[in-house]
Amino acid sequence: MFPSSGIRKLARSEEMFAETHNFIGLAAHVEGPMDVEALSDAFDLLLQAHPVLGGHLEQLPDGKWEIVLDDLMHEGIEVVELSADEAAPPLVFDQGVSLVHLRLTVRDGLAQPTLYIHHSLADGHHQFSLVEELFSTYTDLVTTGSTQPVKVHPAPEPLEVILADRGVEKRTRSGLERLLAAMFAYDLPPSRRAPSDVNPTTPQLVPMVSCTLSEEETNNIVGFCRANKLGLNSLLSAAVLMAEWRIRNTPNIPVPYVYPVDLRYLLSPPVSATESTNPVGIATYLAEISPSTDIADLARDINDTYKRDIAEGVIQQSFLHFSPQYVGNPPGLPDVVMFTDNGIVPPMRTPPDLTVTASHGEFYFAVGAGIEIYTSKIFNGQLMIEYHSHGSDLEKSISAIEAELRRVVAKQSVVS
């Protein structure tokens, strides 16, 4: 037996990720040589700097979950070498054993390191910060043979503690009231997110498709936003919602929209990248779309609604009302669209002979219900939209969004 110690119980905002055995992956596509030994050493140093990453989850008699550390060594990185279209071996995640995993896939000489982390420990911003730290340490080891002394970080706090420390309290509104107008108000088609009676025994990868705009097209999208005084997040939201509206072919039924908001820079004092596990709020919008809807007007209304909810403090405390689920769909409500805009991804520090050319995300769940999540980012100047879904026609959805964005590009090209 190895001695173990409980770090802390998961907070309510984190429990849903344990219940769904949810792991998220962030992959870097690189060109140039990768030193496996240096990457392994960098990963070891990352675990030393953030000891909570070496823990696992245990379920307590009351059904709650606890982060636990023990004296067992982490298994380290996994190296998989493949050729051509050879399929990679499946990843097997067990939150009762480990909360983080690093796989280095080398296919025909091209490397792809992917960091997987349990979602109860980190959101996307937190995870990217860890990947950035990993690459920075790796760069030091490769270029100088040494690195800075390890600075040990405490376990990140849950959202509830971050809010309490900043005087944010539960208010009357949750934000979900906005969607109630569409609940049990329409004769709905069968939900694409209907739950199954059986859950898989281990987390399974959610299928994903994506589209990428060129740097010129991306610049046109950004230029359109500036010309119309719109945030990129709002425009992308509008594009996703209009595409969903067209695909659903139920023109008189509104499209409910739910999206996370990073609270790190909205709270005072601000929250650092790894200070909290998932410091986000939930924003909502009910999209009333018609054939005459203009994408800029829709984006502006999304943005105005967001600004009002922020000003009134609704989004900041939204998680204190409920624990939203990735899976299933509320009965009587049209299928909810979930979209996360990761913004502009900053370049990572790498050795001179190594370049990160692209990145993508992955989602793993041990649930039988259908999952649908849109994400976006701008990396190396190119806008990329990902669609993670158990749906039957992923290409149709991503193509519809790409078409909406190219219409915006065309409009801006005429103006330019």
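Predicted model: local features only at pLDDT ≥ 70, side-chain atom pairs only at ≥ 80, totals over all residues.
**Group meeting talk: sheet, cores and spaces**

Residues are numbered from 1 along each chain as its sequence is written, and side-chain values use heavy atoms, with hydrogens and water left out.

First, the sheet. Strand β2, residues 23-31, and strand β13, residues 355-365, run antiparallel and are joined by nine bridges. Strands here are DSSP runs (E, at least two residues), as are helices (H or I, at least four), numbered from the N terminus. Two strands pair if DSSP finds at least two bridges between them. Beyond this pair, there is an open sheet of six strands with mixed pairing, in the order β5-β6-β7-β2-β13-β8.

Thr-105 is in strand β6, residues 100-107. Is Thr-105 buried or exposed? Thr-105 has a relative accessible area of 11%, so it counts as buried. The cut-offs are under 20% relative accessible area for buried, over 50% for exposed and partly exposed in between, with a 1.4 Å probe and protein chains only. Leaving out residues up to four places away in sequence, Thr-105 touches Val-80, Leu-82, Leu-110, Ala-111 and Gln-112. Contact means heavy atoms within 4.5 Å.

On a 1 Å grid over the protein atoms alone, a pocket is an open set of points with protein on both sides within 12 Å along at least five of seven lines; a cavity is a set where a 1.4 Å probe fits but cannot get out; lining residues have an atom within 4 Å of a point. Points are joined across faces, edges and corners, and a volume is the space filled by probe spheres set on them.

How many cavities of 30 Å³ or more does the structure hold? There are two. The largest holds about 70 Å³ of space, and its lining includes His-50, His-126 and His-153. That lining has six nonpolar, four polar and no charged residues. The second largest cavity has a volume of about 40 Å³. β2, β7 (110-118) and α3 (124-144) each supply at least two residues of its lining, which has nine nonpolar, one polar and no charged residues.

Next, the cores. A nonpolar core is a set of buried Ala, Val, Leu, Ile, Met, Phe, Trp, Tyr and Cys residues joined through side-chain atoms within 4.5 Å. The largest has 64 residues, of which Ile-221, Leu-241, Ile-295, Ile-385 and Leu-405 touch the most other members. Helix α6, residues 232-248, gives the most to this core, with eleven residues. A second, separate core has 51 residues, including Val-30, Val-52, Val-345 and Phe-365.

Leu-235 is in helix α6. With 0% relative accessibility, Leu-235 counts as buried. Leaving aside neighbours within four places in sequence, its contacts include Ile-221, Ile-295 and Val-408. Leu-235 and Asp-297 are 62 residues apart along the chain, and their C-alpha atoms are separated by 9.4 Å.

Helix α1, residues 12-19, is mostly covered, with six of its eight residues buried. These buried residues pack against β1 (4-9), β3, β4, β7 and α4 (159-165). After α1 comes His-21, with a positive phi near 50 degrees. Strands β3 (56-59) and β4 (65-70) run antiparallel, joined by four bridges, and Glu-58 has Glu-66 as its bridge partner in β4. The two strands form a hairpin with five residues between them, and Gly-63 in the turn has a positive phi of about 90 degrees.

Methods. Nonpolar A, V, L, I, M, F, W, Y, C, P; charged D, E, K, R; others polar.
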